[in-house]
Every structure is written in C-alpha cells, then in structure tokens.
Amino acid sequence: MRAWIQNHPKAAGRGFWCLLLLGIWEGGVKLSHVSPMLFPSVEAVAYTLWEDLFYGSLLSQTLSSLWLIGKGLALSIVLALVFGLLSARSFVLKSLTDTLTSMAHPLPGLALLPLIIMWFGTGTRAVLVIIVHSALWPVMLNLTAGFASVPRIYVDTGRNLSMSQAAITLEIMLRASMGYLLSGLKIGWARAWRALISAEMVFGAVGDKGGIGWYLLNQRTFMDTAGLFAGIILVVLIGISVEEVLFAFLEARTLKKWGMS
C-alpha cells in the first residue's frame, strides 16, 4: 500500500480528500438530521446511483452523452488541425485564424443558443454545434501557439534533410507542438463537457433517452434530490476519469515516449 502511494501521490492525495469530504458529508447529515429532500445521505446517493446505472436508464444516457461529446471533440480536433496547419504555411490564413479565435474563444456556447435553435433546431446537430464551438477555439489557440514556439533550427534541419514542407509541418512542427495540443484538448474537453450537460438540460431529451443533462433535469422536476446528487457525482467522476486515464495515456504515448516530459 505504501509503495502504491509513493508511486501515485496525486491519486492518493485525491482519494484521501474525497474520503474525508464524504465522511464530513455523512457525519453532517447524521448529526444535523436535515431533511433528505434538502441534503440526502451518502448512502442514499450511492444507492440511487447504483440503481439508476444498472437497473434504470442512466447508463444508456451516459453512453449517449459520451458518444455525442466524442463526435464533437473529434470534429473539433480535425478542424483545429486543418486551420492550424494551413495557418502555419500562410500569413494571411494565420491572420484570419487569429482573428476568428480572438472573437469566438471568449464567447460562451450558450450565448449562441437562440441562433443555434433557429438554424439547427433542438436536436443532436444543435448539441454538436455547441460542443464544437466550445472545444475548437482553445484547441486551435494552443496549437497555433505551439507552432509559433517551435525552434527555427528544427525547421532548418528538416529542410537540410530535403524534407518537403508537408513533412516538416506534420513530422516536426506538429510533434514539437504536441504538449500545446494536449493542453488545448484538456481545456476543450472541460469546456465541451460543461456545455454538453447544459445543452441537454436546455434542449431536453436528445436521442432516444437523452443524456446526463436530461437525467438531471428529470430529477429536479420530480424533486429527487438523491438522484440529483447521483447525477452530479457521475458528471464529476467522468470528468476526473477522462483527465486521469485518457489524457494520461495520450501523454504517455506521446510526450513521455518522445522524451518531451
């Protein structure tokens, strides 16, 4: 146990604080005798989460949300790479990309809801537009910053080796900017995840049974406070898991493998 804590100090620290907070939560509920309608116990929330995941529709709703955000993030990455690679080869396109990023990056996706509803309705396409808008600009901003930070000697070395411009861009500049790209993806994922949950709560059921946002909205409608807490905890757990598992895997396969971290 001690060896695992030494090898994983960050995970051990988070686990300790989570257990402490849960203990304070449960102790506070038991001692204060607060109404479960206002603040349910940890046991009630855990039971509701288990029941809704494995005997209700929460699992399918979670998979629906993850499928949507996966498609939106994939489209955002493709668009960011296209614009970023083109801007690296053209000053005019770089100026256009910088202008669009400075205009759209500070703009919340929910501020565009009236226009998105008018243009795309309230279905899956509208949610995808919000996800792409939330994730695209931080990814593009970090990617262009990464390209700008690549040492000139790297590019000159590629030219001396008779590499084509496309090969220099893909094999040298993109790899050298991988740390910036992953940082942009982390920010884009967090923004898109929040935007997705909010959009599902606004639009209602998207798809067959809706997503996690629709689940949260239903629990609020029926005053199921334990279900509300269960949904919120699930959103938090998914966010932590993506960052600690998926992004850790990507960093291990890129930055650490290439000696950049």
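**Aromatic pairs and the nonpolar core**

Trp-189 touches Ile-69, Leu-73, Ile-238, Gly-239, Val-242 and Phe-247, leaving aside residues up to four places away in sequence; contact means heavy atoms within 4.5 Å. The model is predicted: local features need pLDDT of at least 70, side-chain atom pairs count only at pLDDT 80 or more, and totals for chains, interfaces and linings use all residues. Residues are numbered from 1 along each chain as its sequence is written, and side-chain values use heavy atoms, without hydrogens or water.

The largest nonpolar core holds 54 residues. Such a core is a set of buried Ala, Val, Leu, Ile, Met, Phe, Trp, Tyr and Cys residues joined through side-chain atoms within 4.5 Å. Ile-69, Trp-189 and Trp-193 touch the most other members. Helix H7 (residues 124–149) supplies the largest share of this core, 13 residues.

The whole structure contains 6 aromatic pairs. Rings of Phe, Tyr and Trp (its six-membered ring) pair if their centres lie within 6.5 Å; planes under 30 degrees apart count as stacked, over 60 as edge-to-face and the rest as tilted. Trp-25 and Phe-229 form a tilted pair, 5.4 Å centre to centre with 45° between the planes. Trp-25 lies in helix H2 (residues 9–32) and Phe-229 in helix H12 (residues 225–253), so the pair ties together parts 204 residues apart in sequence. Trp-25 counts as buried, at 16% relative accessibility. Phe-229 is partly exposed, at 21%. Buried means under 20% relative accessible area, exposed over 50%, partly exposed in between (1.4 Å probe, protein chains only). Ring pairs link Trp-25, Phe-39 and Phe-229 into a cluster.

Conventions. Helix = DSSP H or I, 4+ residues; strand = E, 2+ residues; numbered from the N terminus.
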